[in-house]
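Here is a friendly briefing to read with the model open beside you. Please have a look at the fold, and then follow the topics below.

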Amino acid sequence: MKKVLAFLVSILLLACIAGGIFAFHFYSTTMSEAEIKAYFPQNSKSGATDFGKYVDFGYMNYAFYVAEDRDFGEQEELIIFQEKPFGPILRTKQWVHISSNCDSNIVGKFLFRPVLESGLEENTQLLLLFSSNAEKMVRCVYTYAENDVERSAEKRFAENEYFIFSVNNLGIKNGIDKQMRDAKFYNAQGGLVHRIQF
């Protein structure tokens, strides 16, 4: 009986040690929201210290941060973090830096294939359009095609604030081929400030 008890205690002790090592590795390779905020000033490629957060409700396991105060003449900057689960189930609010993107000095764009919360890679792509909005844009009209039928949509934003928005499901999904055509950005007077063609 004593040998069985000693064996069980040693198994339990080994499991605790392994769990402790796993937890230490997990927390040493991820960041909390507070650590993310401290990360920006030392790692920004555009000289920014303030970043605005955006969450796409279709991809809650990502946090997208846009530079609000980039240095004059620097490109627009987007930093992306992905939530890392603790084991197969638990939501942690611990994040891993997966990408930094600098693009254009007016409106940046970033196209990628996200990983779903289930851990599977999405079949379609997600397009992010973002800006610190130094040019005081208030509206974007973008055109896309679904099976070669052109459609348009509009996004509005405040002229004195950064903006970021997403266009989901680019590519083929459920027999529909969705492709971006262009995006036009306007100021409050209706003047065209910037155009992106895809």
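In this briefing, contact means heavy atoms within 4.5 Å. The model is predicted, so to speak of local features a pLDDT of at least 70 is needed and side-chain atom pairs count only at pLDDT 80 or more, while totals for chains, interfaces and linings use all residues. Residues are numbered from 1 along each chain as its sequence is written, and side-chain values use heavy atoms, with hydrogens and water left out.

**Overall make-up**

- The protein chain holds two helices and 11 strands; helices (H or I, at least four residues) and strands (E, at least two) are DSSP runs, numbered from the N terminus.
- Along the sequence, the pattern reads α-α-β-β-β-β-β-β-β-β-β-β-β.
- Of the 198 residues in the protein chain, 38% are buried, where buried means under 20% relative accessible area with a 1.4 Å probe, counting protein chains only.
- Among contacts with a separation of 6 or more, 55% are between residues 24 or more positions apart.

**The open sheet and its helix**

- Four strands line up as S1-S2-S3-S4 in an open sheet with antiparallel pairing; two strands pair if DSSP finds at least two bridges between them.
- Strand S1 (51-54) and strand S4 (95-103) are the edge strands, each pairing on one side only.
- Strand S2 (residues 62-67) and strand S3 (residues 76-83) are joined by five bridges, and Phe64 has Ile80 in S3 as its bridge partner.
- Helix H2 (residues 33-43) packs on this sheet and touches S1, S2, S3 and S4.

**Nonpolar cores**

- The largest nonpolar core has 17 residues, and Val107, Leu129, Tyr142, Phe165 and Phe185 have the most contacts inside it; such a core is a set of buried Ala, Val, Leu, Ile, Met, Phe, Trp, Tyr and Cys residues joined through side-chain atoms within 4.5 Å.
- Strands S6 (125-131), S7 (137-146), S9 (163-173) and S10 (176-187) each supply at least two residues of this core.
- A second, separate core of 13 residues includes Tyr59, Leu78, Phe110 and Leu126.

- Val138 is found in strand S7 and is buried, with a relative accessible area of 16%.
- Beyond its neighbours within four places in sequence, Val138 is in contact with Lys155, Arg156, Phe157, Glu159, Tyr186, Asn187 and Ala188.
- Glu159 is 21 residues from Val138 in sequence, and their C-alpha atoms are 5.0 Å apart.
- Phe185 is found in strand S10 and is buried, with a relative accessible area of 0%.
- Phe185 and Val138 are 47 residues apart in sequence, with 7.6 Å from C-alpha to C-alpha.

Notes
Buried means under 20% relative accessible area, exposed over 50%, partly exposed in between (1.4 Å probe, protein chains only). Axes are lines fitted to C-alpha atoms, for helices over the stretch in contact, and angles run from 0 to 180 degrees between N-to-C directions.
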